[in-house]
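Please describe the fold of this protein, its strand pairing, its nonpolar core and the surroundings of a few selected residues.

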Amino acid sequence: MAEQKELMPADIPDWVRDAEEAIARGETLDVPEVKEISIKFGKGLVGEPFTSKSGKELVEVKIPNTDPADKTPWASFVISPKMIHDNKFGKGVWMKLPEDQTTRVSKPFIVTTGPDGQRRWDRNVRDVPNTELKAMMEAYKTRDRAGNRESVRDSLQEKKEEAARQPEKPKTPHIRSKGMEK
């Protein structure tokens, strides 16, 4: 078995020694408070976990397009699955990220279309501040829902009127006992 040897003063880093001396004098260490933002989104945006080339466990999270008419592929970012937590209702998830840092977001785009009809894809990669990432992930909260509800009511009224205008289909008589004769 390997011998256990005591730590020599040269083995301890300087910043550890300085911190220990400051604590012994009664000073408090001023650790800057890290502000975090929490991002809430649906479970459907979280992909399957995978292992990176470096051996880390990661998961891809999709970012929906803010415009519903935009049919381009969604952007995505990769994060540790340990940072994603289920909410108490079970349908959504949330994560906390440092407010002053950035996250690398990639979005696929078509480079060319070959003569055989195959599309050649590439990725546009950019660093996005985490506050902007929160706005991108929670864009569903800013949609105008009142306008959609009115249009549903109007279309429901139109469908009722259309159904009233159509002739009634004759109903076939209901036979209680098939194959039994009296």
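The report below goes from the whole chain to its sheet and hairpin, then to the core and to single residues.

**Basis and overall content**

This is a predicted model, in which local features need pLDDT of at least 70 and side-chain atom pairs count only at pLDDT 80 or more, while totals for chains, interfaces and linings use all residues. Residues are numbered from 1 along each chain as its sequence is written, and side-chain values use heavy atoms, with hydrogens and water left out.

The protein has 3 helices and 8 strands; helices (H or I, at least four residues) and strands (E, at least two) are DSSP runs, numbered from the N terminus. Along the sequence the pattern reads α-β-β-β-β-β-β-β-β-α-α. Of the 182 residues, 18% are buried, where buried means under 20% relative accessible area, exposed over 50%, and partly exposed in between (1.4 Å probe, protein chains only). The protein exposes about 15,900 Å², with carbon and sulfur atoms supplying 52% of it; accessible areas come from the Shrake-Rupley method with a 1.4 Å probe, and for residues only the protein chains shown count as cover. Among contacts (heavy atoms within 4.5 Å) between residues at least 6 apart in sequence, 47% join residues at least 24 apart.

**Strand pairing**

Strands of a sheet pair through backbone hydrogen bonds, either parallel or antiparallel. Here two strands are taken to pair if DSSP finds at least two bridges between them.

An open sheet of 3 strands has the order E1-E6-E5, and its pairing is antiparallel. Strand E1 (36–42) and strand E5 (84–86) are the edge strands, each pairing on one side only. From one strand to the next the twist averages 30 degrees. Axes are lines fitted to C-alpha atoms, for helices over the stretch in contact, and angles run from 0 to 180 degrees between N-to-C directions. Between E5 and strand E6 (residues 92–98) there are 3 bridges, and Ile84 stands opposite Met95 in E6. Helix H2 (residues 130–137) packs on this sheet and touches E1 and E6; its direction makes about 20 degrees with that of E1.

| Strand pair | Bridges | Facing residues |
|---|---|---|
| E3 and E4 | 5 bridges | Val61 and Phe77 |
| E5 and E6 | 3 bridges | Ile84 and Met95 |
| E7 and E8 | 11 bridges | Pro108 and Arg123 |

E7 covers residues 102–113 and E8 covers residues 119–129. The hairpin formed by E7 and E8 has 5 residues between the strands, and Gly117 takes a positive phi near 90 degrees there.

**The nonpolar core**

The largest nonpolar core has 18 residues, and those with the most contacts inside it are Phe41, Ile63, Phe77, Ile79, Met95, Leu133 and Met137. Such a core is a set of buried Ala, Val, Leu, Ile, Met, Phe, Trp, Tyr and Cys residues joined through side-chain atoms within 4.5 Å. The elements giving two or more residues to this core are E1, strand E3 (57–63), strand E4 (75–79), E6 and H2. E4 is mostly covered, with 4 of its 5 residues buried. Leaving aside neighbours within four places in sequence, Met137 is in contact with Ile39, Phe41, Leu45, Val61, Lys62, Ile63 and Phe77.

**Selected residues**

Asn130 is found in helix H2 and counts as buried because its relative accessibility is 1%. Its side chain joins that of Thr103 in a polar contact of 2.5 Å. A polar contact is a pair of N or O atoms within 3.5 Å; within protein, one must be able to donate a hydrogen and the other to accept it, and residues adjacent in sequence count only if both atoms are side-chain atoms. Not counting residues up to four places away in sequence, Asn130 touches Ile37, Ile39, Leu97, Pro98, Glu99, Gln101, Thr102 and Thr103.

Ser106 lies in strand E7. At 15% relative accessibility, Ser106 is classed as buried. A polar contact of 3.1 Å links the side chains of Ser106 and Arg123. Outside four places in sequence, Ser106 is also in contact with residues including Ala75 and Ser76.

Asp122 touches Lys107, Pro108, Phe109 and Val111, not counting residues up to four places away in sequence. The C-alpha atoms of Asp122 and Ser106 are separated by 9.7 Å, and the two residues are 16 residues apart along the chain.
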